[in-house]
Amino acid sequence: MTGSDQIGPLRTSRTVSHRARTMAGRGEVPGPAPFPMTSPRSGWTRPVISPLMGHIAVVGVGYVGLTTGACLAKLGHTVVCGDVDEARVANLSKGEVPIVEAGLDQLVRDGLRSGNLRFVVGAATAAEGAEFIYLCVPTPQGEDGSADLSYIESAAREISSVLEEGAIVVNKSTVPVGSAKVVERVLGRPDVSVVSNPEFLREGSAVHDFLHPDRIVVGADDPNAASRVAALYLGVPAPFIVTDPASAETIKYAANAFLAAKISFVNAIAAVCEAVGADVTDVVLGIGSDKRIGHDFLRPGPGWGGSCFPKDTRALVRIAEDAGYDFDLLRGVISVNSQQHARVVDKIRDAAGGSLDGVVVGVWGLTFKARTDDLRDSPSLAIIEALRREGAVVQGYDPTVERELDGIQLCVDPYEACAGARVLAVLTEWDDFRWIDPEHVGELMSARQVVDARNLLERPAWQRAGFTYQGIGR
Ligand code: UGA
C-alpha cells in the first residue's frame with residue numbers, strides 16, 4: 001500500500017446490487033432481478049434517490065476527465081471542467097477535442113451548446129459552488145512502481161478552501177488502496193465526504209463504456225454520500241456495487257490485473273501453440289465458448305500496453321508487497337508481457353534472415369491499440385526500440401500519428417512504410433490494414449516477409465501473393 005495514511009484490513013463489504021433505472025422509478029427491484037442481489041448489511045440502506053440534477057466539477061480534462069465531464073453533461077447535469085492547461089481549456093471551450101475518442105467531439109459540442117458543459121482554468125475555479133467534485137487527474141507511476149499521488153494531493157489541497165459544506169469529492173482516478181483516506185486528510189474538511197467511483201473506460205470506446213457500463217462501483221463510508229453519487233447515474237442501466245472505499249479501489253486494480261492476466265495467458269498459450277503445431281485462433285474459440293471463460297480479452301498480440309495495464313499491474317504488485325503479500329502470479333503476468341515483445345522481435349529477425357543490422361522494417365501501427373491516438377506504453381514503440389538497438393531502420397505508419405517520433409521514419413501511408421522494406425510488421429490492429437492488397441505491397445518491398453503480430457491479415461491472401469507469413473500462435 002502506498003501513501004503514509006494506511007488503512008487497516010478490508011472491512012466487511014456492504015454490497016448492494018440493483019439497477020439505477022429501477023431506483024429511479026419505484027425504488028423497488030421487480031423480480032426476477034437480472035443482477036445478483038445481496039442483502040444490505042449493517043449501515044447500508046437502499047438509497048433514496050432524488051431525481052435532481054447535480055452541479056458537478058471535474059478536475060483534470062485528460063481522457064478520463066473529459067469523457068466523464070461530457071457524459072455527465074449528456075445525462076443532464078451541469079458540469080464545469082477545470083484544468084491547469086490554459087490552451088487546452090481555450091480549445092475545449094471552442095469545442096476542439098484534443099484526443100481521438102469515438103463520439104466525444106459531438107458530446108462536448110452538445111454540452112457547450114446546451115450550457116451544461118463549461119471549461120475553466122484551475123481546480124478551485126471549477127470546484128466553487130459544486131455539489132460533486134470528480135478528481136480525474138493522472139496518477140503516474142513512481143520510480144518504485146507505486147502510483148504517484150502528488151497530482152491528487154495537490155488538487156485536493158487546491159479545492160479544499162472553496163468546497164461547499166456537504167460537498168462530495170469523488171475519486172475517479174485509479175488510486176492505491178487507502179487513497180480516499182489520503183484525500184480526506186489533505187482536504188481537512190470533516191463536512192465533506194470522499195467517495196471512490198472508479199472508471200472502467202476503454203480508450204476508443206470510452207463514451208460508450210460510460211453510458212453502457214457493466215457496473216457502477218461506488219465506495220463510501222457514508223451511505224448518504226454513496227446514494228447521492230449513485231443518483232448521478234440515473235438513466236444509466238447498470239448494476240451498482242456499493243461498498244467501502246478500500247474495496248472500490250481494489251476492484252479497479254483487480255479488474256485491470258485480471259484482464260492483463262487473460263491476455264498474458266493467451267499469449268503464453270500462443271507460444272505453446274507454435275511449439276506443438278496448434279492454431280491459437282481455434283484454441284481461443286474452443287476455450288472462449290466456455291461461458292466461465294468467455295471470448296473477451298483473449299486476442300493474442302504483441303503484448304498489452306497503454307496508460308493503464310502496465311502502470312496498474314506494477315502498482316498492484318507494489319500495493320500487495322507493501323501489505324505483506326508477494327503477488328508472484330501478477331509478476332508472472334507482467335513478465336510474460338515483456339517476453340511477448342521480445343518474441344515479436346525474434347519473429348521479425350527470423351524473417352529478415354537472422355540479423356536486423358541495416359535491415360529496413362516497415363511497421364504498420366504505432367498506437368497501443370486501434371481507435372486511439374495514444375502512444376503511451378505502446379508495445380509497438382517497445383518493439384521498434386528493440387529493432388533499432390539491433391541496427392534496423394524503421395519506417396512506420398499509423399492513421400492517427402502525425403508528429404515525428406525519435407528514430408522512426410514516419411510515413412504518410414502504409415505503402416510508403418513498405419517501400420524497400422525487407423520485412424513488414426503489423427503491430428496495431430487498425431481495420432484499414434486488413435484490406436490492403438498484398439500483391440501491391442509485395443511489389444514495393446525488397447522481400448515478401450510479413451510478421452502479423454495482431455493476427456489481423458487474411459493469411460491465405462498474403463501467402464498466395466508469395467509472402468512468408470508469421471502470425472502469433474498459428
Ligand atoms: C483498460 C481497461 O480495459 C479499462 O476497463 C480501464 O478502465 C482502463 O484500462 C483504465 O484503467 O483506465 P485501455 O487501456 O483503454 O482500457 O485498453 P484495453 O482495451 O483494455 O487494451 C489494453 C491493451 O491490451 C492494449 O494494448 C490492447 O491491444 C491489448 N489487448 C486487449 C490484447 O492484446 N488482446 C485483447 O484481447 C485485448
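Analyst: The lining of the largest cavity divides into 3 nonpolar, 4 polar and 4 charged residues (nonpolar: Ala, Val, Leu, Ile, Met, Phe, Trp, Tyr, Cys and Pro; charged: Asp, Glu, Lys and Arg; polar: the others, Gly among them). The model is predicted, with local features needing pLDDT of at least 70 and side-chain atom pairs pLDDT 80 or more, while totals for chains, interfaces and linings use all residues. Numbering runs from 1 along each chain as its sequence is written, and side-chain values use heavy atoms, without hydrogens and water.

Let's start with the cavity itself. The structure holds 2 cavities of 30 Å³ or more, and the volume of the largest is about 50 Å³. Here a cavity is a set of points, on a 1 Å grid over the protein atoms alone, where a 1.4 Å probe fits but cannot get out, and lining residues have an atom within 4 Å of a point. Points are joined across faces, edges and corners, and the volume is the space filled by probe spheres set on them. Helix H10 (residues 245-276) gives the largest share of the lining, 3 residues. Helices (H or I, at least four residues) and strands (E, at least two) are DSSP runs numbered from the N terminus.

Thr-174 sits in the loop between strand E5 (168-171) and helix H7 (179-187). Its relative accessibility is 8%, so Thr-174 counts as buried (buried is under 20% relative accessible area, exposed over 50%, partly exposed in between, with a 1.4 Å probe and protein chains only). Leaving aside residues up to four places away in sequence, Thr-174 touches Thr-139, Glu-199, Lys-252, Tyr-253, Lys-311 and Asp-312 (contact is heavy atoms within 4.5 Å).

E4 and E5 pair in the parallel sense over 4 bridges (pairing takes at least two DSSP bridges), with Phe-132 opposite Ile-168 in E5. Strand E1 (residues 55-59) likewise pairs with E4 in the parallel sense, over 4 bridges, and Val-58 stands opposite Tyr-134 in E4. Strand E4 (residues 132-135) is covered on both faces: Phe-132 and Tyr-134 are buried on one side, Ile-133 and Leu-135 on the other.

Elsewhere in the model there is an open sheet of 6 strands, paired in parallel, with the order E11-E10-E9-E12-E13-E14. Its edges are strand E11 (408-410) and strand E14 (468-470), each with a single partner strand, so one side of each has no neighbour in the sheet. Inside that order, strand E9 (residues 360-364) pairs with strand E12 (residues 423-426) in the parallel sense over 4 bridges, and Gly-362 faces Leu-424 in E12.

Arg-371 is not a glycine, yet its phi is positive, about 65°. Asp-377 lies in this loop between E9 and H14 too, and its phi is positive as well, near 45°. At 48% relative accessibility, Arg-371 counts as partly exposed; Asp-377, with a relative accessible area of 48%, is partly exposed too.

How values were computed:
1 Å grid on protein atoms, 1.4 Å probe; cavity = no way out; pocket = protein on both sides within 12 Å on 5 of 7 lines; lining within 4 Å.
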